[in-house]
Amino acid sequence: MRPRGEILYDYLNSRMIFFMLAAMAIGWLAGSALDPLRVLVAPMFGFMTFVTALKTSWSDLGQIFRKPMALIVIVILQHLLTPFTANLLAEFTLAGHPELIAGFVLAAALPVGITAVIWTGLGKGDVALSLTSATIDTLLSPLVVTVVMMLFAGRKIEIAYTAMIASLFKMIVIPSVLGLTTHDISKGSFHKKYIGLLGPVSFFCMCAVIMINTAAAQSAATEMIKKIPILFPLSLGMVIFGFISGQALARLFSFKDSVMRSCVFCAGIRNTSAGLVIALGHFPVEASIPILIAMIFQQPAAAMAQRLLTRASSRD
């Protein structure tokens with residue numbers, strides 16, 4: 001019989017959309033009342049990253065390089081194609097708002113979100129590829145995010161690159177390295193033994209991070225959305241573009257069906273929680289607004305993509 005903690009963790013993940021939207025709603029209503037809790041965001045995010053990395057070993061990451069084309073498509077091409085498209089559209093529709101343009105570029109530069117692994121499993125894709133891609137993309141995030149921002153947004157606003165890189169290392173890279181190493185030292189037993197306890201705590205940390213960061217951006221977002229209502233359709237369009245471009249690139253390189261599904265979710269789902277932390281900590285608050293709106297659409301869009309892929313598979 002499975003431990004109750006694992007059953008609870010699986011239940012929480014199966015209701016992920018509800019909990020994420022509820023966390024955003026609570027944060028939006030709470031507003032500045034949650035400001036004292038912002039000091040907890042970085043340690044909670046680091047804990048979430050550590051728990052996620054416990055699923056993977058260093059050897060898993062090494063194996064993916066034996067057939068690297070799918071990884072190249074997911075990690076490299078997506079981090080060029082999507083930011084370029086985001087910058088182009090934002091420049092055209094949001095001229096005179098460099099902070100918002102930088103926010104769209106940052107949203108496109110973010111590493112693969114770990115929920116991509118969950119959706120890949122639900123969509124019958126290559127879970128191992130999604131997990132290793134998300135881990136590698138996370139480890140590369142200080143380099144990738146910095147380079148993308150320099151290329152597409154460096155001249156638009158002043159960015160504290162050193163502080164941003166340090167933050168990415170603290171919240172993402174170091175916890176990931178610790179998680180991978182713990183997995184290997186314990187030969188995977190640590191994850192199996194403690195995921196029933198750590199998993200639910202990590203899930204609620206994710207909800208808390210979303211709630212606190214939504215509260216921090218609420219005032220600026222309310223004012224900006226009223227002034228520039230096109231932010232909503234533009235953010236939705238970029239989220240949809242991520243899923244579609246993932247499938248298009250997979251088709252272009254003739255990947256098998258399971259790999260194509262992984263590309264769809266890894267390209268479409270970005271670590272928006274990390275994006276909000278970075279934007280609120282190292283950018284003008286307006287830069288967080290495109291990421292906040294993307295967070296609203298991302299999981300429902302993933303559910304729609306999973307449904308369409310399942311329907312296409314049943315027809316085939």
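The model is predicted, and the disulfide count in it comes to zero. A disulfide needs two cysteine sulfur atoms within 2.5 Å. The sulfur of Cys205 has its closest cysteine sulfur in Cys207, 9.4 Å away, which is too far for a bond. Cys207 is likewise in no disulfide, and its nearest cysteine sulfur is that of Cys205.

Both cysteines are covered. Cys205 is buried, at a relative accessible area of 11%. Cys207 is buried too, at 9%.

## Helix H3

Helix H3 runs over residues 41-53. Its 13 residues reach 18 Å from first C-alpha to last, close to the expected 18 Å at 1.5 Å a residue. Of these 13 residues, 10 are buried, so H3 is largely enclosed by the rest of the structure.

The buried set includes Val41, Met44, Phe45, Gly46 and Met48. Thr49, Phe50, Val51, Thr52 and Ala53 are buried as well. What do the buried residues of H3 pack against? Their partners are helix H8 (127-152), helix H9 (161-185), helix H10 (189-227) and helix H13 (272-282).

## Helix H6 and Ile101

Helix H6 covers residues 98-109. Its 12 residues should span 16 Å at 1.5 Å a residue, and the end C-alpha atoms are 16 Å apart, which agrees. H6 is largely enclosed by the rest of the structure, because 10 of its 12 residues are buried. Among them are Leu100, Ile101, Ala102, Gly103 and Phe104. Val105, Leu106, Ala107, Ala108 and Ala109 are also buried.

Ile101 lies in H6 and is buried, with a relative accessible area of 3%. Ile101 and Lys227 are 126 residues apart in sequence. In space, their C-alpha atoms are 15 Å apart.

## Helix H12

Helix H12 spans residues 257-268.

H12 is mostly covered, with 10 of its 12 residues buried. The buried residues include Val259, Met260, Arg261, Ser262 and Cys263. Val264, Phe265, Cys266, Ala267 and Gly268 are buried as well.

## Crossing of H5 and H11

Two packed helices are described by the angle between their axes and the distance between the axes. For helix H5 (residues 69-93) and helix H11 (residues 231-252), the axes come within 10 Å. They cross at roughly 145°. The crossing of H5 past H11 is right-handed.

H5 brings Val73, Leu77, Gln78, Leu81, Thr82, Thr85, Ala86, Leu89, Ala90 and Thr93 to the contact. H11 brings Leu234, Met238, Phe241, Gly242, Ser245, Gly246 and Leu249.

## Positive phi in two loop lysines

Lys124 sits in the loop between helix H7 (115-122) and H8. Its phi is near 60°, a positive value in a residue other than glycine. Is Lys124 buried or exposed? At 67% relative accessibility, Lys124 counts as exposed.

Lys187 is placed in the loop between H9 and H10. Its phi, near 55°, is positive in a residue other than glycine. Lys187 counts as exposed, at 77% relative accessibility.

Methods. Residues numbered from 1 in each chain as written. Predicted model: local features only at pLDDT ≥ 70, side-chain atom pairs only at ≥ 80, totals over all residues. Heavy atoms only, no water. Buried < 20%, exposed > 50% of the residue type's maximum accessible area, 1.4 Å probe, protein only. Helix = DSSP H or I, 4+ residues; strand = E, 2+ residues; numbered from the N terminus. Expected span 1.5 Å × (residues − 1). Contact = heavy atoms within 4.5 Å. Axes fitted to C-alpha atoms, helices over the stretch in contact; angles between N-to-C directions. Left-handed = near helix turned anticlockwise from the far one by under 90°.
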